[in-house]
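Welcome, and please take a moment to look over the chain before reading on.

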Amino acid sequence: MNKTILILGAVLALAGCSSVPRNTGTSYDCSGETKLKVDYVGDSAIVRVNGRRSLVLKQTPSNAGAVYENRTGARLARNGNDVMWNTA
């Protein structure tokens, strides 16, 4: 019984995990020497700024292109191959 619970617990723990493949995503060179690497995952964008800090942004309704924002004021607006990056 204990082995069954332990195995079931391990399976559930593994089922809740997912990974993003290394070296994927889209890179952008912005003004001011800012470099972004963005992984678009479902309705989110994971943005790495200058290879250091990472931000998770959620997609929000938009009339043109895709817009991703977070509560701290970071905003990524994508229209085709172009993006506009703003931080608060």
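Where is the place of Arg-71? Arg-71 lies in the loop between S5 and strand S6 (75-79); helices (H or I, at least four residues) and strands (E, at least two) are DSSP runs, numbered from the N terminus. With a relative accessible area of 87%, Arg-71 is exposed, where buried means under 20% relative accessible area, exposed over 50%, and partly exposed in between (1.4 Å probe, protein chains only). The C-alpha atoms of Arg-71 and Lys-58 are separated by 9.4 Å, and these residues are 13 apart along the chain.

A word on the basis of all this: the model is predicted, local features need pLDDT of at least 70, side-chain atom pairs count only at pLDDT 80 or more, and totals for chains, interfaces and linings use all residues. Residues are numbered from 1 along each chain as its sequence is written, and side-chain values use heavy atoms, with hydrogens and water left out.

## The chain as a whole

The chain holds one helix and seven strands, in the order α-β-β-β-β-β-β-β along the sequence. Of its 88 residues, 20% are buried. The accessible surface is about 6,800 Å², and carbon and sulfur atoms own 52% of that area; the areas come from the Shrake-Rupley method with a 1.4 Å probe, and for residues only the protein chains shown count as cover. Among contacts with a separation of 6 or more, 18% are between residues 24 or more positions apart, a contact being heavy atoms within 4.5 Å.

## Hairpins

Now to the strand pairs, where two strands pair if DSSP finds at least two bridges between them.

| Strands | Bridges | Example of facing residues |
|---|---|---|
| S1 and S2 | four bridges | Tyr-28 and Leu-36 |
| S2 and S3 | six bridges | Leu-36 and Val-49 |
| S3 and S4 | six bridges | Ile-46 and Val-56 |

Each of these pairs is also a hairpin. Five residues lie between S1 and S2, and Gly-32 in that turn has a positive phi of about 70 degrees. Between S2 and S3 there are two residues, with Gly-42 in the turn at a positive phi of about 60 degrees. The S3 and S4 hairpin has three residues between its strands.

Most residues other than glycine have a negative phi. Glu-33, in the loop between S1 and S2, has a positive phi of about 60 degrees. Its relative accessible area is 74%, so Glu-33 is exposed. Asn-50, in the loop between strand S3 (44-49) and strand S4 (53-60), has a positive phi of about 50 degrees. At 34% relative accessibility, Asn-50 is partly exposed.

Thr-34 is buried because its relative accessible area is 18%. Leaving aside residues up to four places away in sequence, Thr-34 touches Tyr-28, Asp-29, Val-49, Asn-50 and Trp-85.

## The nonpolar core

In soluble globular proteins, nonpolar side chains tend to be buried together. Here the largest nonpolar core has 13 residues; such a core is a set of buried Ala, Val, Leu, Ile, Met, Phe, Trp, Tyr and Cys residues joined through side-chain atoms within 4.5 Å. S2, S3, S4 and S5 each supply at least two of the core's residues, and S3 gives the largest share, with three. Those with the most contacts inside the core are Leu-36, Val-38, Val-47, Leu-57, Leu-76 and Trp-85. Not counting residues up to four places away in sequence, Val-47 has contacts that include Leu-36, Val-38, Leu-57, Leu-76 and Trp-85.

## Around Tyr-40

How many aromatic pairs does a search of the whole structure find? The search finds one, where rings of Phe, Tyr and Trp (its six-membered ring) pair if their centres lie within 6.5 Å. The ring centres of Tyr-40 and Tyr-68 are 5.6 Å apart and the planes are at 45 degrees, so the pair is tilted; planes under 30 degrees apart count as stacked, over 60 as edge-to-face and the rest as tilted. This pair links distant parts of the chain, with Tyr-40 in strand S2 and Tyr-68 in strand S5 (residues 66-69), 28 residues apart. Tyr-40 is partly exposed at 24% relative accessibility, whereas Tyr-68 is buried at 3%.
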